Structures are given as C-alpha cells and as structure tokens.
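Take a look at the structure below.

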Amino acid sequence: MDFIKDIFHLYHPDVKKLTSFGFTFSDDAYHYEKDLNDEFIIRIDIKGEDINAKVYDKAFNEEYSLIFMDRVVGEFVGKIREEYQKVLIEIRDKCFYKTVFNSLQANRLALYVKKEYDIEPDFPWAKYPSFGVIRNKDNNLWFGLFGEVEDDKLAPGVKGHVIINLKPEKHLHDDLLKVKGIYPAWHMNKKNWISVSLNDTLSDEFIQSLIDSSYNETVGKQVKKVYPRKKKRP
C-alpha cells in the first residue's frame, strides 16, 4: 500500500501552512508527530516534495509497518491504518495545494501557456488523466503534450517523471536531442517531436522558447476537423 502516493498525488506543500499547522523545521526538513492512540504515534517528515510518514510503537520506539501490508487484515490493524490515513488527509487538506500536474515546473509552464496564448491543456483520455494536450485555438493542431511517464520509458535507467512533448523546428531537432533532459519523443513521431523533462533539469525560459517554437509550427496551418467519437453499439 502506497498511502503517500495515493493521498498526495498532485498536491504540493505550502511551507507557511506547515508551520502554522505545527510542523517544526530542522535539518532542511519539516517534522511533525501526533499520537494515534495510547500505543502508537505517527511521525511525518517533509523535505521539499518528499513526504515520509511512519507509525511507531511508543513503548519500544519501533516502526509499526503492518499497516502497509495488504495481506494483513483485522480490526486492530485496520483501526491504526484508518487513523494514519486520517492524519495524512487532514495535513493534505490544510497544508497542501492541488495542481494540474505532478510537477511544479509543469504547472509553471502550463501557466505560461495560459498567459501567453490564452490556452489551457485539455485532458481527452479518461484512462490517462495525467496527459494534457495544448493545441492552437485557430486550427486545433497540437503543439504540446504534457504527461507523466513511467521508469525507463524515456531511456533505460531514466526514472519516470512529467514531460512535455514538443515539435521543434526541423533543423534544430537533432541538436536538441544532445541536450541533457531532452529525449526522442515518447509515444509520438520521433522524427518530428521531442520529449522534454520537466524536473527542473532545464530552465523555464529555455523550455518556454521551445514551446513558442512548437506553437509557431502550427501557425497558418489548415484547420483540423474534430469528429465526435463513435459510440459503441450496445
């Protein structure tokens, strides 16, 4: 069970609210603890975007890890598991803010697109809710695709994170692939598109220039018709 990932997906900490809630700051992280009952205590550490939350037995100061094991059931462990989740949800609702993408840089760039072109990403696939398309309002052509990829999808050994697929000018395509943080396009035509990491490897300003270039590739192009999807026969 990955409670942290499930509860805090798309949420980011507000450090001012953490302090007001009761977190203390030391060793570059925010710390908080709370009694779950007479026997157990929850300890939470937040460092940047990383959240660590564990339950400890007060008497022995040992971690009580049974709540994370799917196969362990029963009224007692179920109650501790429920209290653990309640604390995390309360902290999320009072000390975190929700974003569109699970990357601060992705959200900053989405805001740039909104301000510069008055375009917001749309999310056409219910099965893939993290994938947002940005398209030219005049002709409906894509000039970018935000998405969250899994480990090894961009290249062997590269951990999964949020990316944006962009279409650069053709004469720049191969040279851009030599830049750290830029890869052959994931799940799109690799001859025309690239995947750009949105984990702050590259500056916002540099990626903004690539977004502008990709947008310009759609300007003046023929309007693309969008047909409604056919309904499946009952």
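## Overall build and aromatic rings

The protein has six helices and twelve strands. The model is predicted. Its C-alpha atoms fill a box of roughly 70 × 55 × 35 Å along the principal axes. The radius of gyration is 22 Å, whereas a compact globule of 234 residues would have one near 17 Å.

Of the 234 residues, 41% are buried. The protein exposes about 14,600 Å², and carbon and sulfur atoms supply 51% of that area. Among contacts with a separation of 6 or more, 50% join residues 24 or more positions apart.

Now the charges. There are 37 positive and 38 negative side chains. The centres of the two sets lie 10 Å apart.

Next come the rings. The structure holds 19 aromatic pairs. One of them joins F101 and F123: the ring centres are 5.8 Å apart and the planes meet at 45°. Stacked pairs need planes under 30 degrees apart and edge-to-face pairs over 60, with the rest tilted, so this pair is tilted.

What does the pair tie together? F101 sits in the loop between β7 (96-98) and α4 (104-117), and F123 in the loop between α4 and β8 (132-135), so the pair ties together parts that are 22 residues apart in sequence.

Are the two partners buried or exposed? Here are their values.

| Residue | Relative accessibility | Class |
|---|---|---|
| F101 | 2% | buried |
| F123 | 36% | partly exposed |

Residues under 20% count as buried, so F101 at 2% is buried. Elsewhere in the list of rings, F3, F68 and Y84 are linked into a cluster by ring pairs.

Note on methods. Residues numbered from 1 in each chain as written. Predicted model: local features only at pLDDT ≥ 70, side-chain atom pairs only at ≥ 80, totals over all residues. Heavy atoms only, no water. Helix = DSSP H or I, 4+ residues; strand = E, 2+ residues; numbered from the N terminus. Rg over C-alpha atoms; globule rule 2.2 N^0.38 Å. Buried < 20%, exposed > 50% of the residue type's maximum accessible area, 1.4 Å probe, protein only. Contact = heavy atoms within 4.5 Å. Areas by Shrake-Rupley, 256 points an atom, 1.4 Å probe, with all protein chains shown as cover. Lys, Arg positive; Asp, Glu negative; His and termini not counted. Charge placed at Lys NZ, Arg CZ, Asp CG, Glu CD. Phe/Tyr/Trp six-rings, centres within 6.5 Å; stacked < 30°, edge-to-face > 60°.
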